[in-house]
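Visitor: Could you take me through this structure, please? I would like to begin with the terms.

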Amino acid sequence: MTRAPILFRVDGTRRHGWESLWRCLTYAAALQRRRRPTYFLSLLDPPELAQPIKRIGNEWIEASSSAGSDDDLDQTLKEITRLSPAAVIVDAAEAKEDYLESLRGTGALLVSIDHLAQVALASQLIVNPLLGPGKESYEYPRGAQLLLGTRYALVRPEIRRIRPLRAQEPAQPFRVLIALGDDDPNGQAGEVAKLLLNCPRIARVDIAVRAQHPDRPALQDLAATCPERLEIAVEAPEVTARIVRCHFAVTAGNGWSLELACVGVPQLVIVQNEAHWPTAQRLEEEGAAICLGWHESVSGQTIRQAVQNLLNDPLERQAMSRCGRQLIDGRGPDRLVTALEVMLHPSRQVAARLAA
């Protein structure tokens, strides 16, 4: 690759969660298809997360401090000077306005991936890969471009590839997928699995988790107690195989919910993070999911009743599948790369300097 590189500043730790890291990896994979070298300046916990970063061709630089701190700013500026990236992509909730202003002052195109809209952004390109908040919630400088909503959902390539395979509902017996996302901050996957195993008409339950999930050993022990009905899927091929075969999924209104909508999987959404409320509500409004509510207020009886209603109504499942596929087409990463290349085009940069 001979083009100017792209630098990602994103952390993946138990404190910050891993959602930002994994969506940046999806973006980086799309950039590499356009021959852009990609570097990750990241604080990782567990350290083994460096392997999936490197496995797909990225370079990893260990960060000494959390993104947004003063020490981190010094290190990030040094790496920008060393690498001379065409753009710096920041996905960190703790990155404040002065931090972003300093990065923009280096001359590299500054991109923010932000689904919170809680700080004033100095970035030239602002991306929200979820379904809310909207443009009116953001504070941004003149000339900035905002890419928000369904057209920019970050769908992994392995998920997009199985979209044609999931065009029709799988044959029974009924299977359900529990996919609470990259973080599962409340550790609900195991409890939901036990509940679903006791629901009539559900033959198998699959749990999709990341390798770094803190409860993974406990989930594997639970699966060992009933291997004929419960399985844990960690690697990408395992997860995609379960998605193709499931009849519906239990999700949390995050990026995984949008990926399953793209494939056409009906969903019951249990919200675990306040930031995911807009996405859960939009999916319900569009007919792609049923939002059961906040995780603390959703009872076992509510889940069981929702499951039975969904299993008893094949037309509802078909409608949810169709609505999800119409809402999310899976081309978000390609659109984001195209937008970045447009912003980096020399004529665009000249025009920006003249306007300033």
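Guide: Two strands are said to pair if DSSP finds at least two bridges between them. Helices (H or I, at least four residues) and strands (E, at least two) are DSSP runs, numbered from the N terminus. This is a predicted model, in which local features need pLDDT of at least 70 and side-chain atom pairs count only at pLDDT 80 or more, while totals for chains, interfaces and linings use all residues. Residues are numbered from 1 along each chain as its sequence is written, and side-chain values use heavy atoms, with hydrogens and water left out.

Visitor: Which residue of strand 9 stands opposite L177?

Guide: D206 stands opposite L177. I178 has I207 as its bridge partner in strand 9. Strand 8 and strand 9 (residues 202-208) pair in the parallel sense over five bridges.

Visitor: What is the strand order in the open sheet of six strands?

Guide: The order is 10-9-8-11-12-13, and the pairing is parallel. Strand 10 (230-233) and strand 13 (289-294) stand at the edges with a single partner strand each, so one side of each has no neighbour in the sheet.

Visitor: How many residues of strand 9 are buried?

Guide: Six of its seven residues are buried, so strand 9 is largely enclosed by the rest of the structure. Buried means under 20% relative accessible area, exposed over 50%, and partly exposed in between, with a 1.4 Å probe and protein chains only.

Visitor: And helix 6: what does its buried part pack against?

Guide: Its buried residues pack against strand 8, strand 9, helix 7 (216-225), strand 10, strand 11 (248-251) and helix 11 (300-311), where contact means heavy atoms within 4.5 Å. Seven of the nine residues of helix 6 (residues 189-197) are buried, including V192, L195 and L196.

Visitor: Where does helix 10 lie?

Guide: Helix 10 (residues 277-285) lies across strand 12 (267-271) and strand 13, and runs at about 145° to strand 13. W277 belongs to this helix and touches V271, C291, G293 and W294, not counting residues up to four places away in sequence. The C-alpha atoms of W277 and P133 are 9.4 Å apart, although 144 residues separate them along the chain.

Visitor: What sort of peptide bond joins G132 and P133?

Guide: That bond is cis, with omega about 0°. The bond from D45 to P46 is also cis, with omega near 5°. Most residues other than glycine have a negative phi, and most peptide bonds are trans.

Visitor: Which loop holds R35, and what is its phi?

Guide: R35 lies in the loop between helix 1 (19-32) and strand 2, and its phi is positive, about 65°. D184, in the loop between strand 8 and helix 6, has a positive phi near 50°. R35 counts as partly exposed at 48% relative accessibility, whereas D184 counts as buried at 5%.

Methods
Axes are lines fitted to C-alpha atoms, for helices over the stretch in contact, and angles run from 0 to 180 degrees between N-to-C directions.
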